[in-house]
Structures are given as C-alpha cells and as structure tokens.
Amino acid sequence: MKIHSTLHLIRSMAYKHKEAYRAVCLDLDLYAEGRSLAEAMKRLDSAVLAYIESVEKDHDGNEKWLDRSAPKKYWRIYDLLRELSAGKKKDVERQSYFEG
C-alpha cells in the first residue's frame, strides 16, 4: 500500500527557541531549526517529505513507521500554543465587537 493513497493528518508547530526557531512535527517526531520561522518550517517540510519517502522506499509503505509521536513535552507546548491562539482570537473578536 502506498502512503500517498491514504490521507494522514500531520500536525506541526513552531516557536522561538533561544536564538533560533524550532519547528516540530508532532506526529512523526521530527524537528528542524532555522534562523527564521520560515526557514525552520521549510526545513521541517523537507524532513517530513524525506521521511515519508524513505518509509515508502525502505519499508514498502508500511504505515506502522508513521506512528512516531513526539515526546509529551512537545504536545504540552502544542496544547498551550493552541489555547493561547484561541484566547487571542476571542480577544480580537471581543475587541472588534466593542469597537464596532
């Protein structure tokens, strides 16, 4: 079975880490760093693509190789960022409502 014939959700996030940006693929336990957010995400995209291609080539597309969840600390960061993002959206909605 080819991986490309199946739809997979691949979640990722990026955040500032020391003097660089870190992008993490939570579902494949991959990460990349860059001097900018765009660079980190581009490097992560390349790493994800290379990993999926290697699973197809070296493991005959066996999807068990796609079950590689990142450590819990990254999932906690992901959940926190989602909560913060949802809070900002609510604040923007409230602000727009009161300004209008």
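Guide: Helices and strands here are DSSP runs, of at least four residues (H or I) for a helix and at least two (E) for a strand, numbered from the N terminus. With those labels, Asp-27 is found in the loop between β2 and β3. The model is a predicted one.

Asp-27 has a relative accessible area of 14%, and is buried because the cut-off for that word is under 20%. Leaving aside neighbours within four places in sequence, Asp-27 is in contact with Leu-9, Ile-10 and Arg-11, and also with Leu-66, Arg-68, Ser-69 and Trp-75.

Among these contacts, Arg-11 deserves a separate look. The side chains of Asp-27 and Arg-11 meet in a salt bridge, with N to O at 2.7 Å. This pair links distant parts of the chain: Arg-11 is in the segment before β1, 16 residues apart from Asp-27 in the β2–β3 loop. The Asp-27 side chain also reaches the backbone nitrogen of Arg-11, at 2.5 Å. Arg-11 itself counts as partly exposed, at 29% relative accessibility, whereas Asp-27 is buried. In general terms, side chains of opposite charge can pair when their charged atoms come close.

Now the sheet around the loop. Three strands form an open sheet in the order β1-β2-β3, with antiparallel pairing. β1 (12–17) and β3 (30–34) stand at the edges and have a single partner strand each, so one side of each is left without a neighbour in the sheet. From one strand to the next, the twist averages 20 degrees. β1 and β2 (residues 20–25) run antiparallel and are joined by six bridges. Helix α1 (residues 37–58) lies across β1, β2 and β3, and runs at about 150 degrees to β3.

Arg-22 and Glu-33 meet in a salt bridge, N to O at 2.8 Å. Arg-22 lies in β2 and Glu-33 in β3, so this pair ties together parts eleven residues apart in sequence. Arg-22 is buried, at 10% relative accessible area, while Glu-33 is partly exposed, at 30%.

The salt bridge count comes to four. Another of them is between Glu-39 and Arg-43, whose closest N and O atoms are 2.8 Å apart. Glu-39 and Arg-43 are four residues apart in helix α1, which means that about one helical turn separates them. Arg-43 is partly exposed, with a relative accessible area of 45%. Through salt bridges that share partners, Arg-35, Glu-39 and Arg-43 are joined into one network.

Last, confidence. The chain has a mean pLDDT of 82, and 79% of its residues reach 70 or more. In the chain, β3 has the highest confidence, at 96, and helix α2 (residues 72–99) the lowest, at a mean of 70. Over residues 92–100 the pLDDT is below 50, and this stretch has zero contacts in the model beyond near neighbours in sequence.

Methods
Residues are numbered from 1 along each chain as its sequence is written. This is a predicted model: local features need pLDDT of at least 70, side-chain atom pairs count only at pLDDT 80 or more; totals for chains, interfaces and linings use all residues. Side-chain values use heavy atoms; hydrogens and water are left out. Two strands pair if DSSP finds at least two bridges between them. Axes are lines fitted to C-alpha atoms, for helices over the stretch in contact, and angles run from 0 to 180 degrees between N-to-C directions. Contact means heavy atoms within 4.5 Å. pLDDT is the predictor's confidence in each residue, from 0 to 100. Buried means under 20% relative accessible area, exposed over 50%, partly exposed in between (1.4 Å probe, protein chains only). A polar contact is a pair of N or O atoms within 3.5 Å; within protein, one must be able to donate a hydrogen and the other to accept it, and residues adjacent in sequence count only if both atoms are side-chain atoms.
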